[in-house]
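Here is a short report on a protein fold.

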Amino acid sequence: MSVPERLLLGPGPSPVSPRVMQAMAAPVISHLDPAMMSLLDDLRERLSSVFGAGDGALCLAISGTGTSGMEAAVANLAKPGARALVVVTGYFGDRLAQMLERYGATVSRLQVEWGRACDPAQVERALSAEPADIVGIVHGETSTGVVNPIEEILAIARKNEALTIVDAVTTLGGVPLLTGTWGADACYSCTQKGLGAPSGLAPITFSPRALAARTASRSFYLDLALLEDYWVRRKYHHTISAPLIYALHEALVAVQEEGLEARWARHQRNHTALAAGLDALGVSLLPPEHERLWTLNAVRVPDGVDEAAVRKRLLEEFGIEVGAGLGPLAGKIWRVGLMGAGSTLSNILLFLSAFERVLRAGGHRSGSESAALAAAERVVAAV
(Lines give C-alpha, C1' and ligand atoms only; values in the text may rest on other atoms or scores of the structure.)
Protein backbone atom coordinates (compact mmCIF):
# COMPACT_ATOMS: atom_id res chain seq x y z
CA MET A 1 0.00 0.00 0.00
CA SER A 2 0.96 3.59 -0.57
CA VAL A 3 -0.98 5.74 1.89
CA PRO A 4 -0.34 9.50 2.01
CA GLU A 5 0.23 11.21 5.33
CA ARG A 6 -2.55 13.69 6.13
CA LEU A 7 -3.26 16.18 8.86
CA LEU A 8 -6.89 15.32 9.60
CA LEU A 9 -8.66 18.58 10.41
CA GLY A 10 -12.04 17.68 8.99
CA PRO A 11 -15.26 16.55 10.68
CA GLY A 12 -13.73 13.15 11.43
CA PRO A 13 -11.75 11.03 11.68
CA SER A 14 -9.38 13.00 13.88
CA PRO A 15 -5.64 12.34 14.28
CA VAL A 16 -4.69 9.21 16.22
CA SER A 17 -1.79 9.57 18.64
CA PRO A 18 1.27 7.29 18.39
CA ARG A 19 0.45 5.63 21.73
CA VAL A 20 -2.99 4.61 20.46
CA MET A 21 -1.55 3.35 17.17
CA GLN A 22 1.06 1.38 19.09
CA ALA A 23 -1.63 -0.24 21.24
CA MET A 24 -3.21 -1.70 18.11
CA ALA A 25 -0.02 -3.67 17.43
CA ALA A 26 -0.51 -5.84 20.53
CA PRO A 27 -1.16 -9.54 19.81
CA VAL A 28 -4.67 -10.33 18.62
CA ILE A 29 -6.64 -12.45 21.07
CA SER A 30 -10.03 -14.10 20.82
CA HIS A 31 -13.25 -12.22 21.48
CA LEU A 32 -13.92 -14.72 24.32
CA ASP A 33 -10.40 -14.86 25.77
CA PRO A 34 -10.39 -14.19 29.55
CA ALA A 35 -7.99 -11.31 28.91
CA MET A 36 -10.48 -9.80 26.46
CA MET A 37 -13.29 -10.15 28.99
CA SER A 38 -11.15 -8.32 31.54
CA LEU A 39 -10.51 -5.56 28.99
CA LEU A 40 -14.24 -5.21 28.29
CA ASP A 41 -14.98 -4.91 32.01
CA ASP A 42 -12.36 -2.17 32.30
CA LEU A 43 -13.73 -0.42 29.21
CA ARG A 44 -17.25 -0.36 30.65
CA GLU A 45 -15.95 1.45 33.75
CA ARG A 46 -13.93 3.93 31.69
CA LEU A 47 -16.86 4.61 29.35
CA SER A 48 -19.11 5.21 32.35
CA SER A 49 -16.64 7.83 33.54
CA VAL A 50 -16.26 9.64 30.21
CA PHE A 51 -20.06 9.66 29.68
CA GLY A 52 -20.64 10.86 33.23
CA ALA A 53 -23.14 8.02 33.49
CA GLY A 54 -25.13 7.52 36.67
CA ASP A 55 -25.45 4.48 38.92
CA GLY A 56 -27.06 1.51 37.22
CA ALA A 57 -26.34 2.69 33.69
CA LEU A 58 -25.12 0.17 31.11
CA CYS A 59 -22.12 1.32 29.06
CA LEU A 60 -20.51 -0.62 26.22
CA ALA A 61 -19.25 -0.12 22.66
CA ILE A 62 -21.11 -1.30 19.57
CA SER A 63 -18.97 -2.85 16.81
CA GLY A 64 -19.58 -0.25 14.11
CA THR A 65 -19.30 3.50 13.51
CA GLY A 66 -21.33 6.20 15.25
CA THR A 67 -24.33 5.42 13.05
CA SER A 68 -24.47 1.94 14.58
CA GLY A 69 -24.74 3.60 17.98
CA MET A 70 -27.60 5.72 16.69
CA GLU A 71 -29.40 2.68 15.36
CA ALA A 72 -28.76 0.69 18.56
CA ALA A 73 -30.40 3.44 20.63
CA VAL A 74 -33.40 3.54 18.30
CA ALA A 75 -33.72 -0.24 17.85
CA ASN A 76 -33.91 -0.83 21.58
CA LEU A 77 -36.16 2.06 22.60
CA ALA A 78 -38.53 2.76 19.69
CA LYS A 79 -41.67 0.62 19.69
CA PRO A 80 -43.73 0.63 16.48
CA GLY A 81 -46.22 3.46 16.83
CA ALA A 82 -44.17 5.33 19.43
CA ARG A 83 -44.47 9.11 19.24
CA ALA A 84 -41.10 10.80 18.76
CA LEU A 85 -40.09 14.45 18.70
CA VAL A 86 -36.71 15.01 17.04
CA VAL A 87 -34.92 18.34 17.18
CA VAL A 88 -33.41 18.85 13.71
CA THR A 89 -30.65 21.46 13.63
CA GLY A 90 -28.77 19.85 10.76
CA TYR A 91 -27.96 16.74 8.78
CA PHE A 92 -27.56 14.33 11.70
CA GLY A 93 -30.71 15.39 13.50
CA ASP A 94 -32.56 14.52 10.32
CA ARG A 95 -30.75 11.16 10.17
CA LEU A 96 -31.95 10.37 13.70
CA ALA A 97 -35.51 11.23 12.65
CA GLN A 98 -35.22 8.96 9.59
CA MET A 99 -33.92 6.14 11.76
CA LEU A 100 -36.85 6.42 14.14
CA GLU A 101 -39.28 6.37 11.21
CA ARG A 102 -37.69 3.18 9.86
CA TYR A 103 -38.32 1.52 13.22
CA GLY A 104 -42.01 2.41 13.12
CA ALA A 105 -42.14 5.56 15.24
CA THR A 106 -44.43 8.44 14.35
CA VAL A 107 -41.96 11.31 14.12
CA SER A 108 -42.49 15.04 14.50
CA ARG A 109 -39.52 17.16 13.45
CA LEU A 110 -38.77 20.38 15.31
CA GLN A 111 -36.97 22.20 12.50
CA VAL A 112 -34.34 24.74 13.52
CA GLU A 113 -32.40 26.96 11.14
CA TRP A 114 -29.12 25.32 10.11
CA GLY A 115 -26.36 27.17 11.95
CA ARG A 116 -28.44 27.95 15.03
CA ALA A 117 -28.99 26.07 18.28
CA CYS A 118 -32.40 24.98 19.49
CA ASP A 119 -34.14 27.23 22.00
CA PRO A 120 -35.38 24.94 24.82
CA ALA A 121 -38.65 26.90 24.84
CA GLN A 122 -39.34 25.49 21.36
CA VAL A 123 -39.18 21.97 22.79
CA GLU A 124 -41.45 22.96 25.67
CA ARG A 125 -44.04 24.34 23.25
CA ALA A 126 -43.80 21.32 20.93
CA LEU A 127 -44.34 18.84 23.76
CA SER A 128 -47.22 20.88 25.16
CA ALA A 129 -48.91 20.82 21.76
CA GLU A 130 -48.20 17.14 21.07
CA PRO A 131 -46.88 14.75 23.74
CA ALA A 132 -44.04 12.38 22.81
CA ASP A 133 -42.73 9.07 24.10
CA ILE A 134 -39.20 9.82 22.86
CA VAL A 135 -37.29 13.07 22.38
CA GLY A 136 -34.18 12.89 20.20
CA ILE A 137 -31.52 15.55 19.85
CA VAL A 138 -27.97 15.93 18.56
CA HIS A 139 -25.69 17.51 21.17
CA GLY A 140 -23.06 18.77 18.72
CA GLU A 141 -24.34 19.03 15.15
CA THR A 142 -21.39 18.08 12.94
CA SER A 143 -22.94 19.57 9.82
CA THR A 144 -23.30 23.09 11.25
CA GLY A 145 -20.77 23.50 14.06
CA VAL A 146 -23.57 24.14 16.57
CA VAL A 147 -23.82 22.84 20.14
CA ASN A 148 -27.35 22.46 21.49
CA PRO A 149 -28.30 23.20 25.13
CA ILE A 150 -29.18 19.61 25.89
CA GLU A 151 -29.12 19.93 29.68
CA GLU A 152 -32.17 22.20 29.56
CA ILE A 153 -33.83 20.20 26.79
CA LEU A 154 -33.38 16.91 28.64
CA ALA A 155 -34.97 18.42 31.76
CA ILE A 156 -37.99 19.48 29.70
CA ALA A 157 -38.30 16.02 28.14
CA ARG A 158 -38.10 14.32 31.52
CA LYS A 159 -40.75 16.69 32.94
CA ASN A 160 -42.97 15.56 30.06
CA GLU A 161 -42.21 11.87 30.81
CA ALA A 162 -40.41 11.26 27.50
CA LEU A 163 -37.39 9.02 27.05
CA THR A 164 -34.41 10.81 25.52
CA ILE A 165 -31.88 9.84 22.85
CA VAL A 166 -28.76 12.01 22.59
CA ASP A 167 -26.24 12.02 19.75
CA ALA A 168 -22.83 12.83 21.27
CA VAL A 169 -20.79 11.75 18.25
CA THR A 170 -18.90 15.06 18.04
CA THR A 171 -18.96 16.04 21.72
CA LEU A 172 -17.87 13.04 23.80
CA GLY A 173 -14.40 13.71 25.17
CA GLY A 174 -14.27 17.32 23.93
CA VAL A 175 -17.33 19.13 25.30
CA PRO A 176 -18.94 18.90 28.78
CA LEU A 177 -21.35 15.95 28.86
CA LEU A 178 -22.89 14.48 32.02
CA THR A 179 -25.46 11.94 30.93
CA GLY A 180 -26.35 10.80 34.44
CA THR A 181 -26.70 14.25 36.01
CA TRP A 182 -28.51 15.68 32.98
CA GLY A 183 -30.86 12.71 32.58
CA ALA A 184 -30.01 11.36 29.12
CA ASP A 185 -31.62 7.94 28.71
CA ALA A 186 -29.61 6.72 25.70
CA CYS A 187 -26.49 8.48 24.49
CA TYR A 188 -24.18 7.27 21.76
CA SER A 189 -20.92 8.46 20.24
CA CYS A 190 -17.98 7.23 18.15
CA THR A 191 -14.29 6.56 18.69
CA GLN A 192 -12.74 8.60 15.87
CA LYS A 193 -13.43 12.15 17.04
CA GLY A 194 -13.04 13.52 20.56
CA LEU A 195 -11.74 10.24 21.98
CA GLY A 196 -8.89 10.05 19.46
CA ALA A 197 -9.07 6.40 18.36
CA PRO A 198 -9.70 4.97 14.88
CA SER A 199 -13.28 4.54 13.73
CA GLY A 200 -15.03 1.21 14.17
CA LEU A 201 -16.63 1.28 17.62
CA ALA A 202 -19.60 3.26 18.93
CA PRO A 203 -19.60 3.88 22.69
CA ILE A 204 -23.13 3.98 24.09
CA THR A 205 -24.81 4.29 27.46
CA PHE A 206 -28.34 3.43 28.59
CA SER A 207 -29.78 4.80 31.84
CA PRO A 208 -31.68 2.57 34.28
CA ARG A 209 -34.91 4.17 33.02
CA ALA A 210 -34.00 3.27 29.44
CA LEU A 211 -33.10 -0.28 30.43
CA ALA A 212 -36.49 -0.69 32.10
CA ALA A 213 -38.30 0.74 29.06
CA ARG A 214 -36.43 -1.11 26.31
CA THR A 215 -38.39 -2.89 23.66
CA ALA A 216 -37.71 -6.09 21.73
CA SER A 217 -35.13 -5.12 19.14
CA ARG A 218 -35.94 -5.87 15.52
CA SER A 219 -32.19 -5.88 14.86
CA PHE A 220 -30.36 -9.03 15.96
CA TYR A 221 -26.92 -7.45 15.67
CA LEU A 222 -27.90 -4.39 17.73
CA ASP A 223 -30.10 -6.17 20.28
CA LEU A 224 -29.07 -4.70 23.62
CA ALA A 225 -30.01 -7.86 25.52
CA LEU A 226 -27.66 -9.92 23.35
CA LEU A 227 -24.91 -7.30 23.53
CA GLU A 228 -25.24 -7.18 27.31
CA ASP A 229 -25.00 -10.96 27.38
CA TYR A 230 -21.66 -10.71 25.57
CA TRP A 231 -20.16 -7.72 27.39
CA VAL A 232 -21.36 -8.68 30.87
CA ARG A 233 -22.21 -12.41 30.91
CA ARG A 234 -19.53 -13.72 28.49
CA LYS A 235 -21.96 -15.22 25.98
CA TYR A 236 -20.97 -15.26 22.32
CA HIS A 237 -22.64 -12.65 20.11
CA HIS A 238 -20.10 -11.55 17.48
CA THR A 239 -16.34 -11.47 16.95
CA ILE A 240 -15.29 -8.09 18.29
CA SER A 241 -12.11 -6.52 16.89
CA ALA A 242 -9.27 -6.91 19.38
CA PRO A 243 -7.12 -4.12 17.84
CA LEU A 244 -10.02 -1.65 17.99
CA ILE A 245 -10.66 -2.58 21.63
CA TYR A 246 -6.96 -1.99 22.41
CA ALA A 247 -7.12 1.39 20.66
CA LEU A 248 -10.24 2.52 22.51
CA HIS A 249 -8.79 1.36 25.82
CA GLU A 250 -5.57 3.32 25.31
CA ALA A 251 -7.49 6.37 24.13
CA LEU A 252 -9.67 6.29 27.26
CA VAL A 253 -6.59 5.89 29.44
CA ALA A 254 -5.22 9.04 27.78
CA VAL A 255 -8.51 10.87 28.39
CA GLN A 256 -8.45 10.02 32.07
CA GLU A 257 -4.75 10.87 32.45
CA GLU A 258 -5.48 14.34 31.06
CA GLY A 259 -8.68 14.69 33.07
CA LEU A 260 -12.06 15.42 31.54
CA GLU A 261 -12.29 19.02 32.73
CA ALA A 262 -8.77 19.77 31.49
CA ARG A 263 -9.60 18.12 28.17
CA TRP A 264 -12.78 20.15 27.78
CA ALA A 265 -10.79 23.32 28.59
CA ARG A 266 -8.17 22.43 25.96
CA HIS A 267 -10.81 22.02 23.28
CA GLN A 268 -12.46 25.31 24.26
CA ARG A 269 -9.15 27.17 24.29
CA ASN A 270 -8.06 25.85 20.91
CA HIS A 271 -11.45 26.55 19.34
CA THR A 272 -11.22 30.13 20.61
CA ALA A 273 -7.66 30.44 19.27
CA LEU A 274 -8.74 29.24 15.82
CA ALA A 275 -11.69 31.65 15.80
CA ALA A 276 -9.35 34.54 16.69
CA GLY A 277 -6.95 33.59 13.91
CA LEU A 278 -9.74 33.33 11.37
CA ASP A 279 -11.10 36.71 12.45
CA ALA A 280 -7.67 38.21 11.79
CA LEU A 281 -7.93 36.82 8.26
CA GLY A 282 -11.33 38.42 7.79
CA VAL A 283 -13.11 35.05 7.95
CA SER A 284 -16.00 34.25 10.32
CA LEU A 285 -17.70 31.20 11.81
CA LEU A 286 -21.31 30.33 10.98
CA PRO A 287 -22.96 30.01 14.43
CA PRO A 288 -23.19 32.87 16.95
CA GLU A 289 -20.36 32.77 19.46
CA HIS A 290 -22.38 31.29 22.35
CA GLU A 291 -23.74 28.47 20.13
CA ARG A 292 -20.41 27.27 18.68
CA LEU A 293 -19.18 23.71 18.97
CA TRP A 294 -15.58 23.58 20.23
CA THR A 295 -14.66 20.40 18.37
CA LEU A 296 -16.02 21.31 14.92
CA ASN A 297 -15.75 24.78 13.41
CA ALA A 298 -18.10 25.81 10.59
CA VAL A 299 -16.08 28.40 8.67
CA ARG A 300 -17.96 30.70 6.29
CA VAL A 301 -16.65 30.82 2.71
CA PRO A 302 -15.83 34.45 1.85
CA ASP A 303 -17.54 36.00 -1.16
CA GLY A 304 -15.79 35.23 -4.42
CA VAL A 305 -13.78 32.28 -3.06
CA ASP A 306 -14.06 28.82 -4.66
CA GLU A 307 -14.82 26.56 -1.68
CA ALA A 308 -13.88 23.28 -3.39
CA ALA A 309 -10.67 24.72 -4.83
CA VAL A 310 -9.51 25.76 -1.37
CA ARG A 311 -10.10 22.28 0.03
CA LYS A 312 -8.29 20.73 -2.92
CA ARG A 313 -5.22 22.93 -2.55
CA LEU A 314 -5.06 22.42 1.21
CA LEU A 315 -5.04 18.67 0.63
CA GLU A 316 -2.72 18.48 -2.38
CA GLU A 317 -0.20 21.18 -1.41
CA PHE A 318 -0.20 21.00 2.39
CA GLY A 319 -1.62 17.55 3.20
CA ILE A 320 -4.39 19.11 5.31
CA GLU A 321 -7.91 17.68 5.11
CA VAL A 322 -10.94 19.82 5.96
CA GLY A 323 -14.58 19.03 5.28
CA ALA A 324 -17.16 20.52 2.94
CA GLY A 325 -20.63 21.71 3.86
CA LEU A 326 -23.63 19.38 3.71
CA GLY A 327 -27.19 19.98 2.54
CA PRO A 328 -28.11 23.67 2.35
CA LEU A 329 -24.59 24.59 3.54
CA ALA A 330 -22.83 22.87 0.63
CA GLY A 331 -20.42 25.36 -0.93
CA LYS A 332 -21.03 27.85 1.89
CA ILE A 333 -18.80 26.55 4.70
CA TRP A 334 -15.70 24.54 5.42
CA ARG A 335 -15.84 22.21 8.41
CA VAL A 336 -12.61 22.36 10.41
CA GLY A 337 -12.27 19.83 13.21
CA LEU A 338 -10.08 20.25 16.29
CA MET A 339 -10.73 17.00 18.13
CA GLY A 340 -8.89 14.69 20.47
CA ALA A 341 -5.15 14.51 19.77
CA GLY A 342 -5.68 16.90 16.84
CA SER A 343 -6.75 19.81 19.04
CA THR A 344 -3.36 21.49 19.45
CA LEU A 345 -1.92 24.97 18.96
CA SER A 346 0.65 23.64 16.49
CA ASN A 347 -2.11 22.24 14.27
CA ILE A 348 -3.98 25.55 14.46
CA LEU A 349 -0.88 27.47 13.39
CA LEU A 350 -0.17 25.05 10.53
CA PHE A 351 -3.74 25.35 9.33
CA LEU A 352 -3.91 29.14 9.56
CA SER A 353 -0.63 29.53 7.69
CA ALA A 354 -1.70 27.21 4.86
CA PHE A 355 -5.26 28.58 4.81
CA GLU A 356 -4.10 32.18 4.46
CA ARG A 357 -1.86 31.30 1.51
CA VAL A 358 -4.58 29.35 -0.26
CA LEU A 359 -7.16 32.09 0.35
CA ARG A 360 -4.79 34.74 -0.95
CA ALA A 361 -4.13 32.69 -4.07
CA GLY A 362 -7.90 32.45 -4.52
CA GLY A 363 -8.38 36.22 -4.38
CA HIS A 364 -9.17 36.81 -0.69
CA ARG A 365 -6.97 39.68 0.56
CA SER A 366 -8.24 40.56 4.04
CA GLY A 367 -5.81 39.96 6.89
CA SER A 368 -2.37 38.37 6.94
CA GLU A 369 -0.72 35.15 8.03
CA SER A 370 1.34 36.88 10.73
CA ALA A 371 -1.73 38.60 12.19
CA ALA A 372 -3.68 35.33 12.26
CA LEU A 373 -0.88 33.40 13.96
CA ALA A 374 -0.34 36.15 16.52
CA ALA A 375 -4.06 36.30 17.33
CA ALA A 376 -4.24 32.55 17.91
CA GLU A 377 -1.10 32.52 20.04
CA ARG A 378 -2.41 35.39 22.21
CA VAL A 379 -5.52 33.37 23.10
CA VAL A 380 -3.49 30.37 24.22
CA ALA A 381 -0.95 32.49 26.10
CA ALA A 382 -3.72 34.28 27.98
CA VAL A 383 -5.05 31.08 29.57
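The sulfur of C190 lies 11 Å from the closest cysteine sulfur, that of C187, so the two are too far apart for a bond. A disulfide here is a pair of cysteine sulfur atoms within 2.5 Å. Searching the whole structure turns up zero disulfides. C118 is in none either; its nearest cysteine sulfur, in C187, is 17 Å away.

This is a predicted model: local features need pLDDT of at least 70, side-chain atom pairs count only at pLDDT 80 or more, and totals for chains, interfaces and linings use all residues. Residues are numbered from 1 along each chain as its sequence is written, and side-chain values use heavy atoms, leaving out hydrogens and water.

Buried means under 20% relative accessible area, exposed over 50%, partly exposed in between (1.4 Å probe, protein chains only).

| Residue | Relative accessibility | Class |
|---|---|---|
| C118 | 2% | buried |
| C190 | 1% | buried |

Seven strands form an open, mixed sheet in the order 2-10-9-8-5-3-4. Strand 2 (58–63) and strand 4 (106–111) are the edges, each pairing on one side only. Strands are DSSP runs of E, at least two residues; helices are runs of H or I, at least four; both are numbered from the N terminus. Two strands pair if DSSP finds at least two bridges between them.

Strand 8 (residues 163–167) and strand 9 (residues 186–188) pair in the parallel sense over three bridges. I165 has A186 of strand 9 as its bridge partner.
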